[in-house]
Amino acid sequence: MVITTYAECGKCHTRVIYPETPTGQRLPPVNFWPDPAGDMAVWQSDTGTWLGRFLAADEAPSVPAKRFGRHECQVTAELPGALLLWPSQARHH
Ligand SMILES: [Zn+2]
């Protein structure tokens, strides 16, 4: 079962995914749609949690992961570090 949960970027309202590593560490947001030029493997756990990890330069994601690209927000471009904020934190800006 695939649960299509996603978040909205707190700045530009683009659909994004906030994956975490299998050990629970937060990762930078990725755009909701798979991106062949991305550098992160992202997949969804049985419970709907988005998991991800960075890919090496010559590494391909293994099933069920797909390649996603990081959300490079034009709106936050002038705010260094803002991309690492979670939506609940970004609202305060
Ligand atoms: Zn954005």
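How many helices and strands does the protein chain have? The protein chain has one helix and six strands, where helices (H or I, at least four residues) and strands (E, at least two) are DSSP runs numbered from the N terminus. Along the sequence these elements follow the pattern β-β-β-β-β-β-α.

The model is predicted, and for that reason local features need pLDDT of at least 70 and side-chain atom pairs count only at pLDDT 80 or more, while totals for chains, interfaces and linings use all residues. Residues are numbered from 1 along each chain as its sequence is written. The pLDDT, the predictor's confidence in each residue on a scale from 0 to 100, averages 82 over the protein chain, and 76% of the residues score at least 70. Over residues 89-93 the pLDDT is below 50, and beyond near neighbours in sequence this stretch has five contacts in the model, two residues being in contact if their C-beta atoms, placed from the backbone, lie within 7 Å.

**The sheet**

The six strands form an open sheet in the order β1-β2-β3-β6-β4-β5, with antiparallel pairing; two strands pair if DSSP finds at least two bridges between them. Because β1 (7-8) and β5 (50-54) stand at the edges with a single partner strand each, one side of each is left without a neighbour in the sheet.

Strand β3 (residues 30-34) is joined to β6 (residues 66-70) by two bridges, and P34 has F68 as its bridge partner in β6. Strands β4 and β6 pair in the antiparallel sense over three bridges, and here F68 is the bridge partner of M40. Five bridges join β4 (residues 40-44) to β5, again in antiparallel fashion, and in β5 the bridge partner of M40 is F54. The hairpin of β4 and β5 has five residues between the strands, and in this hairpin G48 takes a positive phi near 95°.

**Core and contacts**

Buried residues make up 16% of the 93 residues in the protein chain; a residue is buried if 20 or more other C-beta atoms lie within 10 Å of its own, exposed if 12 or fewer, and partly exposed in between, with C-beta atoms placed from the backbone. The largest nonpolar core consists of eight residues, namely C9, V16, I17, V30, M40, A41, V42 and F68, a nonpolar core being a set of buried Ala, Val, Leu, Ile, Met, Phe, Trp, Tyr and Cys residues joined through C-beta atoms within 7 Å. The elements that give two or more residues to this core are β2 (15-17) and β4, and the largest share, three residues, comes from β4. In soluble globular proteins, nonpolar side chains tend to be buried together.

When residues up to four places away in sequence are not counted, A41 touches G52, R53, L55, P61, A65 and R67. Under the same exclusion, Y6 touches R15, V16, I17 and F32. Y6 lies in the segment before β1 and counts as partly exposed, with 14 C-beta neighbours inside 10 Å. In the protein chain as a whole, residues 24 or more positions apart account for 53% of the contacts with a separation of 6 or more.

| Pair | Apart in sequence | C-alpha to C-alpha distance |
|---|---|---|
| Y6 and V16 | ten residues | 6.0 Å |
| V63 and W43 | 20 residues | 8.4 Å |

**Backbone features in the loops**

Most residues other than glycine have a negative phi, and most peptide bonds are trans. H13, found in the loop between β1 and β2, has a phi near 65°, a positive value in a residue other than glycine. H13 is exposed, with 9 other C-beta atoms within 10 Å.

A cis peptide bond joins V63 and P64, with omega about 5°. P64 is found in the loop between β5 and β6, and V63 is found in the loop between β5 and β6 as well. V63 is exposed, with 6 other C-beta atoms within 10 Å.
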